[in-house]
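Reader: I am new to this structure and would like to go through it carefully, one question at a time. Could we begin with the terms and then turn to the details?

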Amino acid sequence: MGALVLAQGGQFVPPGADAFDLPPIFGGVTKPMVLIVLSVLIVGTYFVVATRNLKLVPGRGQFVAEFLYEFSRNNIARDQIGAKEFRRFVPLIFALFTFVLVNNIFGIIPFIQFPTMSRIGFPVALFLVAYVVIHTVGFARHGFLGYFKHVMFPPGVPKPIYVLLAPIEFFQKFIAQPVALAIRVFAAMFAGHLILLVFTLGGEYLLMEASAAFKPVSIVAFAFAIALTFVEALIQVLQAYIFALLTANFIGSALAQEH
């Protein structure tokens, strides 16, 4: 963090969006790109190693692997998609949950300290994958026109109301919901990382640059940074869960026979 102290002429300059604009490490490769690849290697390697020699009484590694899989399978995919349809979507939901989780947690790991999902391009890429799956299964289940009818014309509504309701439902299902899926995790990771930077760099500035009277205040700043790190860890897990949960929910809605 020392290299990131933002001070100009002895005055502390709070970090902004430029703190996320990292220079290339080599060629055109940046730190977030490296972290994305690293996360795939971590997830893939961990589950291969943890499940290589399965035991009736699992060790810690196998227990965590089984817990993450069963949580994704039963508490997310089955609950949101339904017992009859969920099995074929378990790999997608499991992959999304673990992938987003690892990339979020990067934000509090020493020497990495950068949540990959704070770069909007990565959540958008995941949202596009989810978008294609959601509407592909919807069109496959209901047919081309039938799916638009399913989305835009919920039953039990007076027909004149459809004039207003149909465009709103179309906008919500095809634009607002999927875009919100990406923005939610991006905004949470961006804001959380920025807040941690403010307290960490502010504490460093008070300790290293401020007058002696203000140096003790740096302890308060660092204490807040540590406390907020634990809060951020909780948010990182929740955002991974929410991303997978909403994806499963949207798939379940697209497959449902009724609106």
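Author: Buried means under 20% relative accessible area, exposed means over 50%, and partly exposed covers the values in between. Please keep in mind that this is a predicted model.

Reader: Is Phe224 buried, exposed or partly exposed?

Author: The limits to compare with are 20% for buried and 50% for exposed. Phe224 has a relative accessible area of 43%, so this residue counts as partly exposed.

Reader: How many aromatic pairs are there, and how are the planes of Phe199 and Phe224 arranged?

Author: The count of aromatic pairs comes to 20. For Phe199 and Phe224, the ring centres lie 5.4 Å apart and the planes meet at 20°, and since planes under 30 degrees apart count as stacked, the arrangement of this pair is stacked. The two residues are 25 residues apart and link distant parts of the chain, with Phe199 in helix α6 and Phe224 in helix α7. To return to what was asked, the count is 20 and the arrangement is stacked.

Reader: Which helices do the buried residues of α5 pack against?

Author: In helix α5, residues 144–152, the buried residues are Tyr147, His150, Val151 and Met152. These buried residues of α5 pack against α4 (121–142), α6 (162–208) and α7 (217–255).

Technical notes
Residues numbered from 1 in each chain as written. Predicted model: local features only at pLDDT ≥ 70, side-chain atom pairs only at ≥ 80, totals over all residues. Heavy atoms only, no water. Buried < 20%, exposed > 50% of the residue type's maximum accessible area, 1.4 Å probe, protein only. Helix = DSSP H or I, 4+ residues; strand = E, 2+ residues; numbered from the N terminus. Contact = heavy atoms within 4.5 Å. Phe/Tyr/Trp six-rings, centres within 6.5 Å; stacked < 30°, edge-to-face > 60°.
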